[in-house]
Amino acid sequence: MSHAANVSITNSNGSNVVSVDISQLKPNGARKIVWTVTTSGWEFATNGIVIDDNNYNQFSNSSLYANNQKFSWDDANTDTRLYKYTVNVQPVGQPTLGASLDPQIQNGNNPPE
């Protein structure tokens, strides 16, 4: 199963603002987490989702696909740590004009019964 979040980009006073529809992801059990860019004309950078402090074997198999509109990581979710991550997006084909955001993943949620 997967856990999904949508990424959108708006322009506010000349600055690109990135947002994720779920500010703190809380997957139940081991899951593939999939982020999708929903704003036309934008895509993930090659380093679309960077998870901080990924030294605990929790996140593996990162993947950029669907014409750079989707980025995923497998989350083992075997600990209760809070992981910050960075979302990196760019206008299609324009990596020098990128924008980013730093939301969170909270591991430790039990699978539904």
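The model is a predicted one, in which local features need pLDDT of at least 70 and side-chain atom pairs count only at pLDDT 80 or more, while totals for chains, interfaces and linings use all residues. Residues are numbered from 1 along each chain as its sequence is written, and side-chain values use heavy atoms, with hydrogens and water left out.

Asn-68 is found in the loop between β6 (59-65) and β7 (70-75); strands are DSSP runs (E, at least two residues), numbered from the N terminus. At 27% relative accessibility, Asn-68 is partly exposed (buried means under 20% relative accessible area, exposed over 50%, and partly exposed in between, with a 1.4 Å probe and protein chains only). Leaving aside neighbours within four places in sequence, Asn-68 is in contact with Glu-43 and Phe-44, where contact means heavy atoms within 4.5 Å.

In the largest nonpolar core, which has 22 residues, Trp-35 and Val-89 touch the most other members. The elements giving two or more residues to this core are β1 (2-12), β2 (15-20), β4 (31-37), β5 (42-51), β7 and β8 (82-91). Such a core is a set of buried Ala, Val, Leu, Ile, Met, Phe, Trp, Tyr and Cys residues joined through side-chain atoms within 4.5 Å.

Thr-39 lies in the loop between β4 and β5 and is buried, with a relative accessible area of 18%. The side chain of Thr-39 reaches the backbone nitrogen of Ile-9 at 2.8 Å.

A search of the whole structure finds 3 aromatic pairs. One of them, Phe-59 with Tyr-83, is edge-to-face, at 4.9 Å centre to centre and 80° between the planes (rings of Phe, Tyr and Trp, the last by its six-membered ring, pair if their centres lie within 6.5 Å; planes under 30 degrees apart count as stacked, over 60 as edge-to-face and the rest as tilted). This pair links distant parts of the chain, with Phe-59 in strand β6 and Tyr-83 in strand β8, 24 residues apart. Phe-59 is buried at 6%, and Tyr-83 is buried at 1%.

Technical notes
Helix = DSSP H or I, 4+ residues; strand = E, 2+ residues; numbered from the N terminus. Polar contact = N/O pair within 3.5 Å; in protein donor to acceptor, adjacent residues only side chain to side chain.
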